[in-house]
Each structure stands twice: as structure tokens, then as C-alpha cells.
Amino acid sequence: MFSLLQEAATTAVGQSDGAVVVDDTATSNVVVTGTEGVRPGVGQDVEAVGLPQLDMTTFGNQIFWLIVTLVVLYLVLSRVALPRIAAVLSDRQGAVTGDLMAAEEFKMKAREAEAAYDKALADARTEAQAIVAQNRATIQGQLDAAIAKADAEIAARTAESETRIREIRVSADASAREVARDVTAELVRSFGGQADEATISSALDGRMKGAVQ
Amino acid sequence: MATEATGGGLEFHPMDQFVVRPLFGDGAVAWYTPTNVTLWLALTALAAIALLVMGTRGRAIVPNRAQSVAEMAYGLVYKMIEDIAGKDGLRYFPYVLTLFMFVVFANLLGLVPMAFTVTSHIAVTGVLALAVFFGVTIIGFVKNGAHFLDLFWVRSAPLAVRPILAVIEVISYFVRPLSLSIRLAGNMIAGHAVIKVFAGFAAIAAVAPIAIVAVIGMYAFEVLVAFVQAYVFTILTCVYLKDALHPSH
Amino acid sequence: MTGDIAELGQYIGVGLTAFGMGFAALGVGNVAGNFLAGALRNPSAAAGQTATLFIGMAFAEALGIFSFLVALLLMFAV
């Protein structure tokens, strides 16, 4: 393939009437100077003969400069750039991790504060409930005492009333008996009988027992 | 040939942009002569260094624009090696990053008008591909010894098929540098030549608007291709590195 | 129009290699289309397979580039 290229190139040399430059290494005679198609001022004033990529005379030059470039680039990148970027990235990683940890800490603190607040709230609520319960108990006690006192008073009054009623009844009984005896004695006397005190009393007792009771 | 004028002012010179010529004077191109290749290689290296060294000069925790681009390139290649070749491939990270930065900047600088595209030359991409090929082969033999040959002897296949597969594997192994270099150079040659051909059509007034729009479209496409080819070159390097580090299928 | 029969064959050959590039375009489109179809079915798995997509496209494209190389060699080196 390359021999064909060289053949083509030599043909081109034979046809060209422009400046011919022969490579002094004499490996091949590829000419890359302009012939009939030179366009001055168009920038690329050299016309390609064949495919420039297959021009073997320039390979050594390209490979040499490529290797120089690659070695320089590799040394600079591996000595300077990569450690620096790696350091920056790990710094950033560290900073981000630190910030995240700080944020986590703040979050924990906030959570603790919230828990303390909740606890205080619950405490206050229980305390309030305790006070309410205590008050209620006190009031209940006072109420109970008042009710008991009232009950006792009522009972006392009732007893007093009953006693008085009983006294009244007893006195009424006695008065009735006296009245009845007097009436009986008077009746007996008016009928002409001799009113015996004892007989009247026993007769009255027998009649009154059934009546009053 | 296509470089001949077809008359009427319509001239196509799609290959002129690839000519290697001395920077100073019209001499022969000896191996040490500073040529346009030298110039653009140097600019490529300087651009890569400018991005990765000057761009990260601030060492900022919150990066500026250049630094985040540099870190993005670093992260892209780092993740690529880690995902494909595994953790033990990270030893070769500086070399792979050098290749990536070189190829991507050479491709992009080649798109600057009047520039010379170093990656369009078989000699350049061939050296890159052969460096990958020999490097990977040497790493494979040093790391695995004779077990590296397991790469060609597919144990998961039936015994009868293995010799055939071995032949195919050997061929595909040796085609690697060829395909790697020709893919990159071919893409670059094709894109730039097509742009030049469209630009040539701009000489005819009737089709000039279409030609100019086509040049713009192709240019945008070539920017994409420049990135994708650098990415593909690097990713294939990682795949080959994985084969060298873990040769068993 | 000048030239000899060899040149004619050369140009016809160059034209024929354009088919190779067209078929490579089919191949690349096939890779990308199937990737998209798969990615739409399972979008969460698509992100991890981008590298595989590019490798597949690179391999498909490489053969088209080879035919382009054949064209270049026919044009300039034969």
C-alpha cells in the first residue's frame, strides 16, 4: 500500500513543474509543495498530494513530537494536577462530611430541646391535673363535712322534735286519763254509786290501753 | 483526483488541511523539525495543562468555572476506570487521564478554524493506540503471567468450539490497536474533509446559503464527535485494561 | 472528462464503499434505537449502561470508518 503511495507520489513529482524539494533522507520522494493549485493568501497554501496521513516521511517527526508532548503532559498531570485535584476533592468531601455531621448534631440538639419542651408540657399538665384533683378532693371533703354536719343537725332536731312530741303525747295521755277519771268518777257519783278510786283507775287503764295505743 | 479543480471556481481541497509542513521556511521534514504538528501538539498539551493545573490553582472548596470543568474531567475518567476496570485499575489513572485530556483537546483544537488536527493523523493515533496495546499486554502478562492467555481460551464455551473462538479472539485482540487508531483518525479526517467540501460548495452563489448552513451543522456535529471519540477512546482503553487485569471471562 | 479505465474503476470502487458507510449508519442507529427502547422500558437501569451504549456505537461505527478508509486508500493511495 505504501509502495503504491510512493509510486503515486513520484508520479506527482514527475507531473509537477513547481518547486520540487527532495527529502535528503532519500527514503522516498514525496513532494508537498504547491503546483498548479497554489492559492496564496488562503492560509493553507500547500496542496496535498495524495493523502497526507500516509506520507511516511513525516511519521518520524510526528511520533517524536507526540512522544515528547505525551511525556510532558503525563509528568505535569501526574505530578501537579492530579494530586491537587485529589486533595481538593477530598477536602471538599471532608468539609461536606463535617458540615453534615454538624447539621446532624444540630438536629439532635433540636430534637432534645423538643423532647424537653414536651416533657415540661406534660409535667405542667400532670401538675395542673394534680392541683385540680386536690382542689376537688378538698371541696368534696368540705362538702361532705357540711353535709354530715347538716345531717347531724337534722337528726338532732328530729330527735328533739320527737322527744317533744312524745312529751306532748305523754302529757296529753295523762291529761286525757285525768279528764276521763274525773268524768268517770262524776258519772259514777251521779248514778249514785260509790266511786272507788282504785276500781275506776283499773277500768280506765283497761279501756285506755285499747284506745290510745 | 478530488483535489483537482473542476472548473468554474469550484475547487475542493479537503486534504490540504492535513499536510505536515515545517513551521519555519520550506525545508524537508526531518524527525526533529518543528512543524505545524509540533505547534498544535504543544498547544494541546498547554490547553490540557491550563485547564488541569491553572484551573485548579485556587484549590477552592467551592470551585469556580474552570475548576469545576477540571474536576468534571477528573471525575469522568476516574469513574470510568472504577466502573469498568475495577479498583485495581485506578493505578493507571494518570495515564488514562493523560490520554483522555490529550485526545479531547487535540480534537477540539482541531476544530478551531485554520487549525491543524493532530488526531487526524494515523501516525499520532497509531502511537496512542499502540501505547495502549503494548501497555495493556505488558500489564496483563506481569499481573497474570501465563493466565493472561485465558483471555483467548474461552472456558465457558464447549471444548469443540474453543479453538475456533481462540482464533477469533486472537484476531480481535490484534485488530484492537488498528481499530482504535483508525476509528479516531477516520472520524477526524471524515468530519474535517466533509466540512471542507461543503465550504468548497460555498463558491457557487446559488448553493452558498445551503453550504454555509451545512458547514455550521457539520461543525456542531464535529464538536459532539470530538467529545464522543475521546470518550470512546478512553472507555475502550478501560475495557482493554479490564481484560488485562481480569483475563478470565 | 479525461482518464483511463483504471481511474474509472477506482472511482466506481470509491462510490461503492459509500454503501459500507451507509450500512454502518444503520448499525449505529440500530444500537441507539434498541438502547432507547430498553431505556424506556426500564429507565432506572439505563444510566448505568451508557458506557455500553458508547462501546456498541463505537464498534458499529468503526466498520463504517474502515470502509471510509478503503475509500481514501482507493482515492489517494492506489
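Some ground rules. Residues are numbered from 1 along each chain as its sequence is written, while chains are lettered from A and ligands numbered from 1 in the order in which they are written. As the model is predicted, local features need pLDDT of at least 70 and side-chain atom pairs count only at pLDDT 80 or more, whereas totals for chains, interfaces and linings use all residues; side-chain values use heavy atoms, without hydrogens and water.

I start with chain A. It has 3 helices and 0 strands, where helices are DSSP runs of H or I with at least four residues and strands are runs of E with at least two, numbered from the N terminus. Of its 213 residues, 20% are buried, meaning under 20% relative accessible area with a 1.4 Å probe, protein chains only. The UniProt record, an unreviewed entry, lists residues 63–82 of chain A as "transmembrane region"; such annotations may be inferred rather than shown by experiment. That span is 100% helix, and its end C-alpha atoms lie 26 Å apart.

Next, chain C. It also reads α-α-α along the sequence. Here 31% of the 78 residues are buried. Taking contacts (heavy atoms within 4.5 Å) with a separation of 6 or more, 82% in chain C involve residues 24 or more positions apart. In chain A, residues at least 24 apart account for 30% of the contacts between residues at least 6 apart.

Is Thr44(B) buried or exposed? Thr44(B) is buried, because its relative accessible area is 1%. Beyond neighbours within four places in sequence, its contacts include Phe102(B), Phe105(B) and Leu109(B).

Last, the largest pocket. A pocket is an open set of points on a 1 Å grid over the protein atoms alone, where a 1.4 Å probe fits, with protein on both sides within 12 Å along at least five of seven lines; lining residues have an atom within 4 Å of a point. Its volume, the space filled by probe spheres set on the points, is about 960 Å³. The lining has 35 residues, and among those nearest the centre are Ala190(B) and Phe68(C). Helices H5 and H6 of chain B and H1 and H3 of chain C each supply at least two lining residues. Which helix gives the largest share of the lining? That is H3(C), with 11 residues.

How values were computed:
Buried < 20%, exposed > 50% of the residue type's maximum accessible area, 1.4 Å probe, protein only.
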